[in-house]
Amino acid sequence: MKNKTQMILLAGGKGERFGGELPKQFVKIAGRTVIEHTIDQIEKSEFIDSMIIVINGKFYDYMNDLLLKNHFRKVKNVVIGGKTRQESSYMGICACDEDTDKILFHDAIRPFVSGKILEDVVKALDSYDAVDVAIECADTIVQIDDKRIIDNIPKRKYLRRGQTPQGFRKSVIEEAYRRYFADGSLEVTDDCGIVREYDLADIYVVDGSEQNIKLTYQEDIYLADKLFQIRSVRGNTQNERGQDIYCALKAKVGVIIGAGGGIGADIQRLLEKHGCTAYGFSRKSGCDINHYEQIEAVLKQVYEKEHRIDYVINTAGELRIGKLESISAEEIDGLIGVDYGGAVKVTKASLPYLRQTKGSLLLFASSSYTRGRAMYSVYSSAKAAIVNFTQAVAEEMAEEGVRVNVINPERTDTPMRRKNFGKEDPATLLSSSVVAEAAIEAVSANYTGQVIDVRRDRGVRK
Ligand code: CTP
Ligand code: MG
């Protein structure tokens, strides 16, 4: 019986508009190539049985190396594409299995395709022979003629912007391509365009999402980076795969520095509550992060007992509000020492252990890092430095499999904040345990070099 759903992942393009040494599908976001993120999304969907990747011949070995590094279950085949997108699509169709019923095409450079979109397309194929994905138009679209005179202003409610995946019954898309190649003169930009031209089926449109962007130009990487961070903090105690975030940490050993109170104490409490092994240290328990040897000593102590350290979280920080002129030079040294120097020292001391376990390091920034703020210039600039430092060390350690990320919480209800800002409306603050949970989720995630924003709603735009 024909009942399989196969995904043809199109990665045969050169990315000319994007430029750069490697085609855009191999650019790294969050420590992994774009195509790895896209494959991950498809792997997660229970509605897709298997995947065929279409690639430019020059990158065949590169692609296979990537596949070897990962343990994707659904990738069946890597085939060489053609000069045009249509030729690449066709090569994919030819590689499909006999018992395939539904075929989806997806641009490898749309890594934010959601499980919902994949599900909606596959389900819609039960009722329709062809399905497209599109989003509403915010702008008014005008159609012009060759003299640049407006010819038509179509009603906006009927306009959509096309995305991928696009899905078809196998027989329909095979027939579409048979006619397309026989014809030879048809100009289209996607697979639905061919089916429509030959009027082979009604093409039903399901909703895409604003986040399902296609990387086309260099600037798109900045947006992709940001979207990735927003996705990273989704959900509460369940991560995107719906797994318990503590589950992955049960067999692991963690060290939390700055666990004397606030977010650090919450992280330790939550980990212990869920049966995870976590050692917390603070100035009170003999780990002052101004002193490298004290950090080394506590890590050694944990290692001698457990024979492994899988992740280290540094939450220690100091906030002192006041204009720069009102802070003494000595106090400035102290603040820089804790807020910046301390994070650097914790990182250096942790790396030898994390290298052994291909572990994870997590530092803390603050939302003030993106823009310096009056009254805490030293603190906010130290946090900006930590973000820069995280990105640098993440790159240095990527080959070793060590992940380095930084959490960027919005204003959080902690004792340190209360001391500095007095009583504030709790509704305007993040709770410390929500930030702690985001941190716990971040240590087991597979990305690196990321600034993970934690916002009050922890929500994302659909
Ligand atoms: N594609 C393909 N084979 C081709 C051309 C394009 O598989 N001969 C794929 C691309 O890899 C991409 C998708 O089709 O996943 C959408 O194409 P586009 O954004 O145009 O990517 P590129 O063709 O790579 O970029 P450019 O047009 O800027 O060169
Ligand atoms: Mg192209």
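A polar contact here is a pair of N or O atoms within 3.5 Å; within protein, one must be able to donate a hydrogen and the other to accept it, and residues adjacent in sequence count only if both atoms are side-chain atoms. Keep that in mind, and note that this is a predicted model, where local features need pLDDT of at least 70, side-chain atom pairs count only at pLDDT 80 or more, and totals for chains, interfaces and linings use all residues. Residues are numbered from 1 along each chain as its sequence is written, chains are lettered from A and ligands numbered from 1 in the order in which they are written, and side-chain values use heavy atoms, with hydrogens and water left out.

**Stop 1: the ligand**

Select ligand 1 and glycine 12: an oxygen atom of the ligand lies 2.8 Å from a polar backbone atom of that glycine. Now pick lysine 83; one of its polar backbone atoms is 3.1 Å from a nitrogen atom of ligand 1. On its own ligand 1 exposes 560 Å², and the protein buries 87% of that (areas by the Shrake-Rupley method with a 1.4 Å probe; for residues, only the protein chains shown count as cover).

Which of the 19 residues come nearest? They are Leu10, Gly15, Glu16, Ser88 and Lys214. The shell splits into 4 nonpolar, 7 polar and 8 charged residues.

**Stop 2: threonine 390**

Jump to helix α11, residues 377-397, to find threonine 390 (helices are DSSP runs of H or I, at least four residues, and strands runs of E, at least two, numbered from the N terminus). Buried or exposed? Threonine 390 is buried, with a relative accessible area of 0% (buried means under 20%, exposed over 50%, partly exposed in between, with a 1.4 Å probe and protein chains only). Leaving aside residues up to four places away in sequence, threonine 390 touches Leu363, Val404, Asn405 and Val406 (contact means heavy atoms within 4.5 Å).

**Stop 3: the whole chain**

Zoom out and colour by secondary structure: the protein chain has 13 helices and 19 strands. Its C-alpha trace spans about 80 × 55 × 40 Å along the principal axes. Of the 462 residues, 51% count as buried.

Conventions
A residue is near a molecule or strand if one of its heavy atoms lies within 4 Å of it. Ala, Val, Leu, Ile, Met, Phe, Trp, Tyr, Cys and Pro count as nonpolar, Asp, Glu, Lys and Arg as charged, and the others, Gly among them, as polar.
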